[in-house]
Amino acid sequence: MLTVRRVWHKLARSSAPRFFCSYPAPALLRAPKLSFTGCTNNSINIKIESKVGWRLFSSQALADGGMSDRIVDVPLAQTGEGIAECELLKWFVKEGDEVEDFQPLCEVQSDKATIEITSRYKGKVAQFLYVPGDIVKVGETLLKMVVEGAQVPTQNHDVTENNISHCSEGEVNKSKTCGVLSTPAVRHLGKRYDINLNDVHGSGKDGRVLKEDIIKHAIQKGIIKDSSGFENADSGDQFLRGEKDYSYVPAELGSQHGDKTIPLRGFQRTMVKTMSMAAKVPHFHYVEEIKCDALVELKESFQNNNTEPGVKHTFLPSLIKSLSVAISKYPWINSRFNEDSMEVILKGSHNIGIAMATPSGLVVPNIKNVQSLSILEITKELSRLQQLALANKLNPEDITGGTITLSNIGAIGGKFGAPILNLPEVAIIAIGRIQKVAHFADDGNAYPVSVMTVNIGADHRVLDGATVARFCNEWKQLIEKPELLMLLMR
């Protein structure tokens, strides 16, 4: 078996021939087959076939890299269609850690989902360029890694003793941190107060810039009057990283109360955009009361006959299934409006979204193809989505493609609300809590009834009041008489 370790050659401008030397191959290049496929100009293509497919290497990359170490940039890759930036949530590694191929490096959050970024290289983490809470644009460098040269294409980087990358003048002016030994927290602190770390005298080992150096420099330049401003900044950074401190400090012992500026991230940013757009759409609302005595009995029966310990039955899955059956009779409720072409798209799938309040903000994952699911299957899928939402682990597929939304405000305690559309959907339903109220019979006697208030918000460009009223009557009948739901379910 022919193996290749290194390609020796002169500079690219030289016309001297190039040649192969056979040595024991490193693990990265070892393969059952290796065939020479030809050469063009200054590169030689080698096709390596293995069980996992094939790769093409250039002699230029192999020769420039050789087996020496070099620093490479690890950028934020495209995480989804239309995603331009992400918030860095946390690092899974530390500077100096050894990293394997495909090992998770960090976790980022876009306005659609939370994603783990994995390493394409095997090597050592040299430097972080961002800290948790920072916004990183797609294509920008997240971190720098020291890897074997054979793993990467030609790049003009030098590996120094302290793993410091050399930047161009433009990059220095942009980041103000290139070539400076410092921790991510210190770099973030300098960035917050627009301090060029190259101007700060580092008192740490090998000239490392410390937090105290930043404070001293800021005071000398008149950026702050004393170090209290930085202490307040640290508390703000702690908030952005998600570290909560609920310790009580008496007012007379605490510092003066000041305003805080909190940037909106992730799902909160998405809510700003979507609600601003929805506010421009003409809404109308339809409110109705639904008797839920039969629904309460049905839920109790499900729970009493439950044979799966991990399943908890609630009212919501039955409401979701009955909603899907009602939609089948009134498909315009489950549609989308294309304003550009003035067309209404009646969606075949009933992808019912459930609004959920999470520590990261409002998110609306949806249960796909409810028309084809049983109540038990809906219960399990709803539980899966709730767990992922609380852990901030929803996939892009979970929060896209919805056709109508349910907002269960009753789970928190409200009687009813006036929901705003989740565009491009044309209907959203807010469900209040189920409560016992007194109703009067024809003979004047009062009796208790379990009642739920629903409020349907509709896009008046597509739906009219009569259509929504008829749809709500159909849904109401299925909730008040679940036996009819059994007849209509497929």
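Lys144 and Asp73 meet through their side chains in a salt bridge, 2.6 Å from N to O; the term covers a side-chain nitrogen of Lys or Arg within 4 Å of a carboxyl oxygen of Asp or Glu. The two sit 71 residues apart, Lys144 in strand E13 (residues 141-148) and Asp73 in strand E6 (residues 69-75). Strands (E, at least two residues) and helices (H or I, at least four) are DSSP runs, numbered from the N terminus.

A word on the model: it is predicted, so local features need pLDDT of at least 70 and side-chain atom pairs count only at pLDDT 80 or more, while totals for chains, interfaces and linings use all residues. Residues are numbered from 1 along each chain as its sequence is written, and side-chain values use heavy atoms, with hydrogens and water left out.

**Salt bridges**

The whole structure has 13 salt bridges. Here are three of them:

| Pair | N to O distance |
|---|---|
| Lys144 and Asp73 | 2.6 Å |
| Glu85 and Lys137 | 3.3 Å |
| Lys393 and Glu107 | 2.3 Å |

How covered are these residues? Lys144 is buried at 8% relative accessibility, and Asp73 is partly exposed at 25%. Buried means under 20% relative accessible area, exposed over 50%, and partly exposed in between (1.4 Å probe, protein chains only). Glu85 is partly exposed at 25%, as is Lys137 at 43%.

Four strands make an open antiparallel sheet, in the order E10-E9-E7-E12. E10 (114-118) and E12 (135-137) are the edge strands, each pairing on one side only. Two strands count as paired if DSSP finds at least two bridges between them; E9 (residues 104-109) and E10 pair over 5 bridges. Val108 stands opposite Ile115 in E10.

**Cysteines**

How many disulfides are there? The count is 0, taking a disulfide as a pair of cysteine sulfur atoms within 2.5 Å. The sulfur of Cys86 is too far for a bond, because the closest cysteine sulfur, in Cys106, is 9.4 Å away. Cys86 is buried, with a relative accessible area of 2%, and Cys292 is buried at 0%.
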